[in-house]
Amino acid sequence: MNNINTAHIQQQIQSVQHWYHQITMPDGSVTPGINASAETLRIYDRLGFPADFSGKRVLDVGCADGYFSFVAEKRGADEVIAIDYRLPTASGFSVVASILGSKVKHVVDNVYNLTPEKYGKFDVVIFVGVLYHLRNPLLALDRVREMANEGGTVIVESHIANPELIQAMHKLGVSVEIAQKVVGLPIWNFYYADSLNNDASNKWAPTLGGLINVCKEAQLEPLAHSEFGSRGAVVCRAQRHDLLESSRQMDISVGINVA
């Protein structure tokens with residue numbers, strides 16, 4: 001690429017106090033995030049993350065610095081809306097969007113507030129690195145599901161409890177065989193205050209089986225999944241399930257007659 005102002009790019013990168021994503025800039029430099037974003041994307045790609053977003057509306061919930069929003073745009077998405085509870089200037093989003101000349105629309109909002117009436121529906125919804133920070137994870141997944149077109153793709157990724165549960169059982173003298181069976185169960189581990197990594201925003205961590213089950217409960221049909229380190233990802237298809245929808249409606253209703 002011609003006319004790359006490396007000094008300007010580096011100055012802009014350094015102006016951001018905290019980076020999460022590692023994003024390659026036009027001068028070849030990479031933002032100093034803690035998330036190895038390109039490696040994570042390769043895992044998602046193997047699970048069926050779209051290689052071609054042509055003709056698709058994309059919603060990135062909890063976009064942080066916007067790595068996956070910009071990937072979707074680069075892969076041809078018609079429209080990308082990036083949602084985060086923080087201002088785009090509070091992360092690296094504004095800097096990257098400016099440098100790349102991106103048309104991704106950043107909106108400050110909360111996952112619990114998402115409705116199709118506000119944003120329409122989407123062909124692809126990206127919901128990664130958010131679920132374990134939430135005090136009400138199933139409610140959040142319900143909101144995410146409502147944003148997807150029927151048959152649309154939803155990718156859900158979270159911190160998972162498998163490694164730490166295995167380590168805890170090992171310290172208690174539990175055999176590896178039994179420990180593996182335990183983490184194969186659909187368990188959700190809750191973290192009081194800042195008991196996970198000294199971060200009070202970390203609240204829930206499922207086992208991979210627990211993550212898969214909660215996606216199913218939210219009417220997201222798992223198509224593929226992967227465990228990598230302390231993370232788990234599930235690529236899903238949004239598909240209505242009458243029994244589960246009836247249960248969801250009961251959960252949020254008042255004054256109904258139930259036999």
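Is phenylalanine 68 buried or exposed? Phenylalanine 68 is buried, at 3% relative accessibility. Buried means under 20% relative accessible area, exposed means over 50%, and partly exposed is in between, with a 1.4 Å probe and protein chains only.

A word on the model. It is predicted, so local features need pLDDT of at least 70, side-chain atom pairs count only at pLDDT 80 or more, and totals for chains, interfaces and linings use all residues. Residues are numbered from 1 along each chain as its sequence is written, and side-chain values use heavy atoms, with hydrogens and water left out.

Now the rings. There are eight aromatic pairs in this structure. Rings of Phe, Tyr and Trp (its six-membered ring) pair if their centres lie within 6.5 Å; planes under 30 degrees apart are stacked, over 60 edge-to-face, the rest tilted.

Take phenylalanine 49 and phenylalanine 68. They pair edge-to-face, 6.4 Å centre to centre, with 80 degrees between the planes. Phenylalanine 49 is in the loop between helix H2 (37-47) and strand S1 (57-61), and phenylalanine 68 is in helix H3 (residues 67-74), so the pair ties together parts 19 residues apart in sequence. Helices (H or I, at least four residues) and strands (E, at least two) are DSSP runs, numbered from the N terminus. Phenylalanine 49 is buried too, at 4%.

Next, tryptophan 188 and tryptophan 204. This pair is edge-to-face: 6.1 Å between centres, 70 degrees between planes. Tryptophan 188 is partly exposed at 25%. Tryptophan 204 is partly exposed at 24%.

Last, a cluster. Ring pairs link Tyr44, Phe49, Phe53, Tyr67 and Phe68.
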